[in-house]
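I opened the notebook today to look up a few places in this structure and to write down what surrounds them.

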Amino acid sequence: MAAPRRAAVLGSPIAHSLSPALHRAAYEELGLTGWTYERFEVDEAALPGFFETLGPEWAGLSLTMPLKRAVIPLLDGISETAASVEAVNTVVLTPDGRRTGDNTDVPGMVAALREHGIDKVEAAAILGAGATASSALAALSRVCPGEIAVYVRSEARAAEMRQWAERLEVSVRIADWADAEQALHAPLVISTTPAGATDALARSVPERPTALFDVLYDPWPTALAARWSAYGGAVVSGLDLLVHQAVLQVEQMTGRAPAPLDAMRKAGERALAAR
């Protein structure tokens, strides 16, 4: 019988995380009976101490805010994707003690778009400029050769997005949040804002909207996503992103591929419906 293996999601707050439901569903589908996946409330100050407790039974960690950047100094190396956005959401642990970081949010976004038939767009818009916006910009660097308009609320955020654009070698136009209605006419709109931030934009959705990627999954649908869908536009949800990035995590942590996408999505839907 194989030795038990452990994995977990860390962050603060963490009680809302759907990751345990997704990863446990994958383990069941893959027949990994000795695997467990937990959640731990861990902030930046507690992270080094948590790492000291990790034994050889640990296979991997999922990281959410505020740990995606704080974890980097604790690792032996990070992937090119993680380095491009200075954010790690996945740590793979090997029995010899090596800790390697990756970012599955970026390829997860690309995979979620492609699942909805969006392989390439000539231009795009990003609503918001927080932590998720840099991952959205990195994802768009793979599918959008044209201009990306980013709608922000402050000059500080605008400066950050200009830096990311230069680093990722993408063409970005910074626009004021007051003009965010204009974003809704882009071939692809990615909303990276907190719950409620785009509700007022719902009334401005064009009659023939194109594609919207709203990274939220709870509450769902957002007012913007609901109006977009009602008008016949394509909508990619935060659950789509969560599932696709978790698929990549499972494959890296377990060494088994492909991970069971459908089973993981259904587990996420059940967990959300139970809230």
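Which strands do the buried residues of helix 7 pack against? I worked from a predicted model, and there I found that these residues pack against strand 7 (124-127), strand 10 (188-191), strand 11 (211-214) and strand 12 (234-236).

I then listed the buried residues of helix 7, which spans residues 223-230, and they are Leu224, Ala225 and Trp228. Looking down the axis of helix 7, I noted that its buried residues fall within an arc of 95°, so they line one face of the helix. Just after helix 7, I recorded a positive phi of about 90° at Gly232.

Next I turned to Thr90, which lies in strand 5 (residues 90-93) and has 0% relative accessibility, so that it counts as buried. Its side chain makes a polar contact with the side chain of Gln249, at 2.9 Å. Leaving aside neighbours within four places in sequence, I found Thr90 in contact with a set of residues including Leu61, Asp102, Gln252 and Met253.

My last entry concerns Tyr151 in strand 8 (residues 148-152), which is buried with a relative accessible area of 1%. Not counting residues up to four places away in sequence, Tyr151 touches several residues, among them Ala125, Ile126 and Leu127, and also Arg173, Trp177 and Gln182. I also looked up its separation from Arg270: Tyr151 and Arg270 are 119 residues apart in sequence and 34 Å apart in space, C-alpha to C-alpha.

How values were computed
Residues are numbered from 1 along each chain as its sequence is written. This is a predicted model: local features need pLDDT of at least 70, side-chain atom pairs count only at pLDDT 80 or more; totals for chains, interfaces and linings use all residues. Side-chain values use heavy atoms; hydrogens and water are left out. Buried means under 20% relative accessible area, exposed over 50%, partly exposed in between (1.4 Å probe, protein chains only). Helices (H or I, at least four residues) and strands (E, at least two) are DSSP runs, numbered from the N terminus. The arc is that of the directions from the helix axis to the C-beta atoms. Contact means heavy atoms within 4.5 Å. A polar contact is a pair of N or O atoms within 3.5 Å; within protein, one must be able to donate a hydrogen and the other to accept it, and residues adjacent in sequence count only if both atoms are side-chain atoms.
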